[in-house]
Amino acid sequence: MNLIYRPRRLRKDDTIRRMCRETRVSSDSLIYPIFVDEMLLGKREIASMPGQYQYGLDTVDQAVMECIQAGVKSCLLFGIPSHKDALGSSAWAENGVIQQAIRKIKEKFPDFYVITDICLCEYTDHGHCGVLCKEQVDNDQTLDLLAKVALSHVRAGADMVAPSDMMDGHVAMLRKTLDEAGFIDIPIMAYSAKYASAFYGPFRSAAGSAPAFGDRKGYQMDPHNRKEAIKECSLDVEEGADLIMVKPALSYLDIIRECADTFDVPVAAYAVSGEYAMIKAAAQAGLVDEYKIMCEAALAVFRAGAHILITYYAKELAAAIQKQDIG
Ligand code: PBG
């Protein structure tokens, strides 16, 4: 046959396939979420997320050590406090669980990059992400508390803060607070397009943060919407976000692509707990090859335009990149 174009020429063997790849993946782009439980000694496997653990303050350095050994250079910290109240006051306590964890990590591994999740849902006794006014989360009162949380994390040594609360004006509030305290160099990664998603299910039992009543649809985004994601990202960038995030990842690849094309800041994507749990469950049932699915799912997020991937598979992906199974 007289064909001009034969795309198969560039697929002939591994060398040419690798040479022509459009998407490159690096372990520099991976962030590993770590859960620290103030009441725990040692570590405990999370039932809803097999292979993931909650760490005590005595073992959080072990979690970090495992990241470093795998080639992962950054973590996103989540805290499970011993005390909860209506305002979530232990979130900004000088000796709160995250503040202690940051100091412990930084003492041993000063170069390990520590990002903290800024939200109140793990710290409030009602499990909502802010101050309640009747059955609604009050936006502006919540902003004052989030500012305190961010400042206390940064004072304890956090390298970056990541507000995940979905309050309006949260980036402006955090930027102003950090700048006034002299922390002009601390970047903000905003969970800008965070959808009200069922994919967070396993996380809420891991972090003890399920809302006691209702849901988060009053502040997290409606999964039907695309333009609204652009608006949320625009607002966060205008308010000074250094990085923006789309969350969840795999069901929102269209949003990742659009944000990556539209904004000139790095875009992170969060492959959330439900995405991880689904792959694990399917693999454990013998239905799919976990390793290959993990690689392909991560690749899809980068191909969609993400610069950074937050994932529970960070260590395994770093190993896969090292072995050149992806990348
Ligand atoms: C806190 C927060 C959540 C997640 C990250 N930060 C839970 C939620 O919004 O309900 C979800 C992460 C995951 O599912 O892996 N607000």
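**Notebook: surface patches, overall form and salt bridges**

Entry 1. I looked up Leu287 and noted that this residue counts as exposed, because its relative accessibility is 66%. I then placed Leu287 in the loop between α9 (273-284) and α10 (290-303). Leu287 also belongs to a nonpolar patch on the surface, together with Val288 and Ile293. I recorded about 250 Å² of accessible area for the three residues together. I note here that the model is a predicted one.

Entry 2. I turned to charge on the surface. Arg6, Arg8, Arg9 and Arg11 gather there in a patch of positive charge. I took Arg8 as an example and found this residue in the segment before α1 (14-19). Arg8 is exposed, since its relative accessible area is 67% and the cut-off for exposed is over 50%.

Entry 3. I stayed with the segment before α1, where Lys12 also lies. Lys12 has 70% relative accessibility and therefore counts as exposed. I checked the separation of Lys12 from Cys67, which is 55 residues away along the chain. The C-alpha atoms of these two residues are 36 Å apart.

Entry 4. I next considered the chain as a whole. Its secondary structure comprises eleven helices and twelve strands. The C-alpha trace spans about 75 × 45 × 40 Å along its principal axes. I compared the radius of gyration with the value for a compact globule: 327 residues would give near 20 Å, and the chain has 20 Å, so the two agree. I also noted that 55% of the 327 residues count as buried.

Entry 5. How many salt bridges does a search of the whole structure find? I recorded 15 salt bridges. I looked up several of these pairs in turn.

Entry 6. Lys73 and Asp28 form a salt bridge, with 2.4 Å between the closest N and O atoms. This pair links distant parts of the chain, as the two residues are 45 residues apart. I placed Lys73 in the loop between α2 (60-70) and β4 (74-80), and Asp28 in the loop between α1 and β1 (30-37). Lys73 counts as partly exposed because its relative accessibility is 48%, whereas Asp28, at 55%, counts as exposed.

Entry 7. I then examined Glu66, which forms a salt bridge with Lys315. The closest N and O atoms of this pair are 3.2 Å apart. Glu66 lies in helix α2 and Lys315 in helix α11 (residues 314-322), so I noted a link between distant parts of the chain, 249 residues apart. Is Lys315 buried or exposed? Its relative accessibility is 15%, and therefore Lys315 counts as buried. Glu66 has 25% relative accessibility and counts as partly exposed.

Entry 8. The side chains of Asp179 and Arg175 meet in a salt bridge, at 3.0 Å from N to O. Both residues lie in helix α5 (residues 170-180), and they are four residues apart, about one turn of the helix. I found Arg175 to be buried, because its relative accessibility is 12%. Asp179 is partly exposed, with a relative accessible area of 32%.

Terms used: Residues are numbered from 1 along each chain as its sequence is written. This is a predicted model: local features need pLDDT of at least 70, side-chain atom pairs count only at pLDDT 80 or more; totals for chains, interfaces and linings use all residues. Side-chain values use heavy atoms; hydrogens and water are left out. Patches are made of residues with over 30% relative accessible area and no salt bridge: like charges are joined within 9 Å, nonpolar side chains (Val, Leu, Ile, Met, Phe, Trp, Tyr) within 5 Å. Accessible areas come from the Shrake-Rupley method with a 1.4 Å probe; for residues, only the protein chains shown count as cover. A salt bridge is a side-chain nitrogen of Lys or Arg within 4 Å of a carboxyl oxygen of Asp or Glu. Lys and Arg count as positive and Asp and Glu as negative; His and the chain ends are not counted. The place of a charge is taken as NZ of Lys, CZ of Arg, CG of Asp or CD of Glu. Buried means under 20% relative accessible area, exposed over 50%, partly exposed in between (1.4 Å probe, protein chains only). The radius of gyration is taken over C-alpha atoms; the globule rule is 2.2 Å times the number of residues to the power 0.38.
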